[in-house]
Amino acid sequence: MEVRGPLIKFGVLEKLLNLARANSLWPMTFGLACCAIEMMATTAARFDPARFGAEVFRPSPRQCDFMIVSGTITKKIAPVVRTLYEQMAAPKWVIAYGNCAISGGPFVFEGQYNVIEGVDKVIPVDVYVPGCPPRPEALLEAIMKLEEKLTGYRRFPTPERRW
Amino acid sequence: MVAEELLRGLEGLGLEIREALYERQGFWFDIHCPRDRIVEVAEAFDEKGYWIEDVLCVDWRERLELLYHFNHWEDPRRLSVRVQVDPADPEVPSICKVFPGAGWHEREIHEFFGVRFKGHPNLAYLFLHDEIDFYPLRKDRVPIPEEDKRLLTSMDFSPEEEDAFWINMGPQHPSTHGVLRLILKMRGEYIERAEPVLGYMHRMQEKMAEVRTYAQYYPNTARLDYVGPLAFSQCFVGAMERLCGLEVPERAQVIRTITLELNRIASHLLWLGTFLLDLGATTPYFFAFDDREQILDLMEGLTGARLTFSFFRIGGLYEDLNDGFLEGVARFIERMKKRFQIYDDLVTGNIIFVKRTKDVGVIPREVARRYGATGPTLRGSGVAYDVRRSEPYAAYSDFPPEVVVRQEGDSYARYLVRLEEIKRSLMVLEQAIERVPEGPFRLQKTPKKPVPGEVYFATESPRGQVGIYIVSDGTDKPYRLKWRSPSFSNLAAFTEVVKGQLIADAVATLGSLDLVIPEMDR
Amino acid sequence: MIEWLKRRYREDFGGDPLRLALAMVGLAMILAVVVAFLYLVVGRTLKAVWSAWGWDVVRLFLGMVGVMAVVFGNALFLVWAERKVAGHMQIRIGPKEVGPYGLLQSIADSAKLLAKEIITPRLVDRPLYLLAPLVIFVPCLVAMVVIPFDARLQVRDINVGVVLILAFSSLTVLAIFMAGWGSVNKYSLIGGVRSISQGIAYEIPMLLAIIPVVMMSGTLSLKGIVEAQSRLWFVAVQPVAFLIYFISAVAETNRTPFDLPEAESELVAGYHTEYSGMRFSLFFLAEYTNMFIVSALATVFFLGGYKGPVLPGVVWFFLKTYFLIFIIMWFRWTFPRVRFDQLLNFSWKLLIPLAMANLLVTGGLLKL
């Protein structure tokens, strides 16, 4: 099915707006488990995401741009995740941080009855960050990947292999 | 002593008492009790001043066995009361009138095993939810009968009186307690009742243990309490070593002590930052995390991980020390001693902070005893009980830490206890890094399969007493594994204490308890 | 240039001359309507106004434009400054990547908020919900009209300027309650109710702290008050009043340590939870403008307004005002939140008696 574009195309304005959005991504605190501590360590003084504009952690979903789902999604919390995602104002993005959010993580075993294997079974995800828990630098890289998804430019060049 | 008096009394009641071997099993005496007399026995324990540690259940297929663990602050010897239950008629009188802390344990056993407790006021779901239609921890898949299902879904939140209303806190908190949902019954601005809803992070740790081998299960112990994972690791590893009678080399014990104390300091620093974030001050969070990063750098150089270390192994450590670790610890101790001035200036003397936490959330000694509260929550209320002193493990008998106690029992006292504990941990570290003995860091041969039997091991995490109960049947997978989580009992004490407080005070009290939700939800 | 036109022709109109012609005709029609409107309606109104008021209109218009420029420029600057100040107090640097020293951060934030989806929940009380952001922002603009930036840089010097400012800043409290009640949400309601009690409780000490100043300068007009400080700033004579006024001002603008109505960790929410996009940024604009207004008033009443040697008055005025704003920000990052009943106790039982005592003493000394 072909999705028709908007009636009025903005072109350059859309690019500028995307640039503005990329430089001022406001995350929503959705720390569930161990990865939440690494998320908190990212917001602390050493790996400050405020440099990139992602400083203001708003608790209310209506005022944030993207949601960092960090931690295991169990069946009890899945409806809450869905509600929060739907309450967010467009344009919105989701980062699945940590192995549990990507695919259930180390808690998937035969006969398991409570873990949902990956948050992308509940809400659409834009960036996946593997690790258990991923380092804070990985979260910063995820934010930069999200910016690249918006604007098409990478903020810092990827280091190249030299061997 | 107290235990002997109690046991004489119980023998007089006609109960069968057997002595257990502490070095192999973890408790001193086994008391077999028929199921109708459990309330009498509980009252006898209560009279002598015992506190309830844990209530757990083991499914032996042809019978269910309930274990009640009691312990005493002055005479810290664990006594275990066993009740055998027939699965066809699983009804046991509840002891929650005597020990209210058993209330939540009994709810958990009800929804996981199907044992009904007569006289319990509220046997509704604690961890699980409506979609699950079997008792998860039973060995065979036993479906839930109709009337039990009705009992499990019977919690009701309609306003009972005119001016009372229910308010919901969480499960998404900006103050990063994790996913805890508190349903508060309010009358105006005052809380009448607090009903926590747990289970949002229930990751089936205990069921997983029955499907994985001991070595495969071990990394999960770090995911239980991710802020202080080494205490849980030590618990698991220590239990297996106790069960198989393994003698861990000295070098490994001392290094374990060093890393455990570093972990304790890191956990207290994180608590400090988030507690003040709850109260509204955002700056100490950054200072505390800066200090914590220094510790994490050291641990990362040693273990390779920043948060969920899998460093211990059954019989020793994963790897020996790297170069520069001990010098790094010495440098860190020097730096940390100077940082206390910042915390004292910014936080301890801050008049708004003092007014928010003094006389707020006072937990009296008796409440703490009946609910089984441990850790700084207990030590802030005037009880000098610390597992590192009463049941020394790792190298704590060589470097005994001083126990910090304050008498007031309010949130300010708990804050001061934790701040002092950081100082005491620094003293233990100073001694320990001088005396690391040479030698192997791991046992050469560890048995492939453990000895069949049961074992209990307790350690002191930054939150309180962690306990693990393992039943091994001789194969390489555990038969039953149960964690005793300190936050679980502390939160139960909180629901008692929060009645009549304002919401702001409830937030301050909750923050001062230092809860970590996944260790509660397991 | 020609290449660009050709490419646009190909991409936007698909190379079809009929579509291009239709677009041109449509554009011409729209232009015609706009020009007609401008000439007939707007032109005639302007002519009427001019013949009634003359040059005064231009002065008023320029003044309002200047005030709007100050308000929005201030907001842009404060958004950046707050993040930088917070960063440096928290041993990190604030925004750094977005432009040199992060100066373009405010622009990025505003552009993003402009382009965000505006969600109106279905069950809200529409008039209250929709009007609350306006009611909170517009009185600030009105209050800016009487603030003297320099001896001759004031839009209008109304001779009851003090009363005007106090009247319009009380409307903020009303707006917060409209937001809290209108978004049908238990927590916003509690936040709104708390804000009303707080607002009322702290307006009284503010008023009582200003009255000694008015008594000493003998006039209610703001310029008159500044002129009365030509020899000695009032802060030297009325230190208690200055402290009381400053604390009440911080409480009126709902800044930490008095930010219970928007307390995040207590109830997840605050009165502006249900607002998104530009409506939300209006709340923040109002907060920053309020901060500017109360600091400006503190300099006018106590710190000598635009009086100062060597430098032009405007520069002194802004220096003093931004110094006080810096202190307000400093408070935010040092203190935890005050509990609600302690907040009210502090105002009613401590500040008001102190302010009244100060008033009595001032009145007595002036009589002598």
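This is a predicted model: local features need pLDDT of at least 70, side-chain atom pairs count only at pLDDT 80 or more; totals for chains, interfaces and linings use all residues.
Chains A and B touch each other, with 34 residues of chain A in contact with 32 residues of chain B. On the side of chain A that touches chain B, the elements giving two or more residues are β1 (27–31), α2 (34–43) and α3 (78–87) of chain A. The most is given by α2(A), with 6 residues. Sorted by class, this side of chain A has 21 nonpolar, 7 polar and 6 charged residues.

Chain C is built from helices, with 14 helices and 0 strands. Its pattern along the sequence is accordingly written α-α-α-α-α-α-α-α-α-α-α-α-α-α. Taken along the principal axes, the C-alpha atoms of chain C fill a box of roughly 90 × 55 × 45 Å.

Chain B is divided by the domain assignment into domain 1 (2–154) and domain 2 (205–521). The C-alpha centres of domain 1 and domain 2 of chain B are 27 Å apart. In the contact of these domains, 21 residues come from domain 1 of chain B and 28 residues from domain 2 of chain B. On the side of domain 1 of chain B that touches domain 2 of chain B, at least two residues each are supplied by α2 (22–25) and β3 of chain B. The largest share, 6 residues, belongs to β3(B). The residues on this side of domain 1 of chain B comprise 13 nonpolar, 3 polar and 5 charged.

The strand β3(B) is also part of a sheet in chain B. This open sheet has 5 strands in the order β1-β2-β5-β4-β3 (chain B), and its pairing is mixed. At its edges are β1 (16–19) and β3 (51–59) of chain B, each of which pairs on one side only. Leu67(B) has Arg82(B) in β5(B) as its bridge partner. Helix α4 (residues 102–113) of chain B lies across β3 and β4 of chain B, and its direction is at about 10° to β3(B).

A further open sheet in chain B consists of 3 strands in the order β13-β14-β15 (chain B), with antiparallel pairing. The edge positions are taken by β13 (453–461) and β15 (478–484) of chain B, each pairing on one side only. Here the neighbouring strands are turned against each other by 15° on average, direction ignored. Between strand β14 (residues 464–472) of chain B and β15(B), which run antiparallel, there are 6 bridges. The bridge partner of Ile470(B) in β15(B) is Leu481(B). Helix α9 (residues 229–244) of chain B packs on this sheet and touches β13 and β14 of chain B, its direction making about 150° with that of β13(B).

Two helix pairs of chain B were also examined. Two packed helices are described by the angle between their axes and the distance between the axes. For helix α11 (residues 283–303) of chain B and helix α12 (residues 325–348) of chain B, the axes come within 11 Å and cross at roughly 170°. Because angles over 145 degrees count as roughly antiparallel, α11(B) is roughly antiparallel to α12(B). Residues of α11(B) in this contact include Phe287(B), Ile295(B) and Leu298(B), and among those they meet in α12(B) are Phe332(B), Met336(B) and Ile342(B). The contact of α11(B) with α12(B) has, by class, 13 nonpolar, 4 polar and 3 charged residues.

In the other pair, the axes of helix α17 (residues 411–434) of chain B and helix α19 (residues 503–513) of chain B come within 9 Å and cross at roughly 25°. Angles under 35 degrees count as roughly parallel, and α17(B) and α19(B) are therefore roughly parallel to each other. The crossing in which α17(B) passes α19(B) is left-handed. In this contact, α17(B) contributes Ser411(B), Arg414(B) and Tyr415(B), while α19(B) contributes Ala508(B), Thr509(B) and Ser512(B). These residues of α17(B) and α19(B) divide into 2 nonpolar, 3 polar and 1 charged.

Technical notes. Residues are numbered from 1 along each chain as its sequence is written. Chains are lettered from A and ligands numbered from 1 in the order in which they are written. Two residues are in contact if their C-beta atoms, placed from the backbone, lie within 7 Å. Helices (H or I, at least four residues) and strands (E, at least two) are DSSP runs, numbered from the N terminus. Ala, Val, Leu, Ile, Met, Phe, Trp, Tyr, Cys and Pro count as nonpolar, Asp, Glu, Lys and Arg as charged, and the others, Gly among them, as polar. Two strands pair if DSSP finds at least two bridges between them. Axes are lines fitted to C-alpha atoms, for helices over the stretch in contact, and angles run from 0 to 180 degrees between N-to-C directions. Angles under 35 degrees count as roughly parallel, over 145 as roughly antiparallel, 65 to 115 as roughly perpendicular and the rest as oblique. A crossing is left-handed if the near helix is turned anticlockwise from the far one by less than a right angle, and right-handed if clockwise. Domain bounds come from an automatic or database domain assignment.
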